[in-house]
Amino acid sequence: MAENIHTQFHRFVSPEEKEALLGQSGVVLWMYGLSGSGKSTIAAALERKLHDQGRFVVILDGDNFRHGLNSDLGFSDQDRKENVRRVSEVARMFASQGIIVLVSVITPKQALRDQARKIVGSSFREIFIKASYETCAKRDPKGLYAKVAAGEIKQFTGKDSGFEEPSSPDLLIDTESVDPSSAVEMIKTLLPE
Ligand SMILES: Nc1ncnc2c1ncn2[C@@H]1O[C@H](COP(=O)(O)OP(=O)(O)OP(=O)(O)O)[C@@H](O)[C@H]1O
Ligand SMILES: [Mg+2]
């Protein structure tokens with residue numbers, strides 16, 4: 001299908017020049033975990049901190065994608081895969097132009113994380129934002145867990161759609177014991193110099 005489409009490589013401004021202008025290296029910090037584990041909360045705190053330190057950051061949040069670019073997708077295995085593929089492609093484009101990309105998407109299966117890493121390449125860092133189902137249900141910032149308990153939501157991650165814990169993430173943050181500002185400091189250690 002894409003055989004007659006040629007990737008555009010001719011540039012007047014190289015990726016290296018963009019990184020020099022920004023004073024940073026492009027990277028994708030991919031945060032994943034159950035709904036309510038703290039991905040968006042930590043991404044927002046990290047964006048604030050890095051911005052205040054003169055870094056240029058873009059957040060790619062799963063919810064925002066699902067309202068816009070990915071509004072045609074649901075929560076079947078196939079749609080979750082396509083959701084991750086599109087977010088990965090966008091993340092790769094930004095990172096390859098010097099931007100620090102913070103991704104917050106549930107990404108429940110190892111195969112999905114592997115797919116994202118494959119698309120993004122060497123600038124990919126995976127960060128497991130960990131909290132138990134029970135803790136997330138207690139926090140329930142969006143009221144989703146209450147709806148699941150009432151049988152109003154199907155294919156919910158951790159309930160009737162599985163979440164595979166990773167065996168070797170680049171970083172694991174247990175938000176039952178690590179507060180957001182400490183999480184920010186931990187994630188900052190993954191940034192390339
Ligand atoms: N240590 C912590 N780190 C992050 N969030 C925490 C922590 N302790 C409590 N919280 C609370 O947990 C909730 C996490 O919600 P948040 O929207 O960040 O989750 P999420 O992982 O982005 O979920 P979703 O996948 O539904 O978008 C917030 O209400 C936040 O205040
Ligand atoms: Mg979120």
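1. A residue counts as near a molecule if one of its heavy atoms lies within 4 Å of it. On that basis there are 17 residues around ligand 1, and S35, K39, T41, K142 and V178 come nearest. The model is predicted.

2. An N or O atom in the side chain of T41 is 2.5 Å from an oxygen atom of ligand 1. For the side chain of S35, an N or O atom is 2.6 Å from an oxygen atom of ligand 1. Both residues are also among those that come nearest.

3. The backbone contributes too. At G38, a backbone N or O atom lies 3.1 Å from an oxygen atom of ligand 1.

4. What is the make-up of the shell around ligand 1? The shell residues divide into 5 nonpolar, 7 polar and 5 charged. Helix α2, residues 39–52, gives the most to this shell, with 3 residues.

5. Where does the ligand sit? Ligand 1 takes up the space of the largest pocket. That pocket has a volume of about 730 Å³. It is lined by 37 residues, and the closest to its centre are S35, G36, K39, I106 and K142. Of these, S35, K39 and K142 are also listed among the residues that come nearest to ligand 1.

6. Which elements give two or more residues to the pocket lining? They are α2, α3 (62–67), α4 (77–95) and α7 (144–149). The largest share, 4 residues, comes from α2. Helix α2 also gives the most to the ligand shell.

Methods
Residues are numbered from 1 along each chain as its sequence is written. Chains are lettered from A and ligands numbered from 1 in the order in which they are written. This is a predicted model: local features need pLDDT of at least 70, side-chain atom pairs count only at pLDDT 80 or more; totals for chains, interfaces and linings use all residues. Side-chain values use heavy atoms; hydrogens and water are left out. A polar contact is a pair of N or O atoms within 3.5 Å; within protein, one must be able to donate a hydrogen and the other to accept it, and residues adjacent in sequence count only if both atoms are side-chain atoms. On a 1 Å grid over the protein atoms alone, a cavity is a set of points where a 1.4 Å probe fits but cannot get out, and a pocket is an open set with protein on both sides within 12 Å along at least five of seven lines; lining residues have an atom within 4 Å of a point. A molecule sits in a cavity or pocket if more than half of its atoms lie within 2 Å of its grid points. Ala, Val, Leu, Ile, Met, Phe, Trp, Tyr, Cys and Pro count as nonpolar, Asp, Glu, Lys and Arg as charged, and the others, Gly among them, as polar. Grid points are joined across faces, edges and corners, and a volume is the space filled by probe spheres set on the points.
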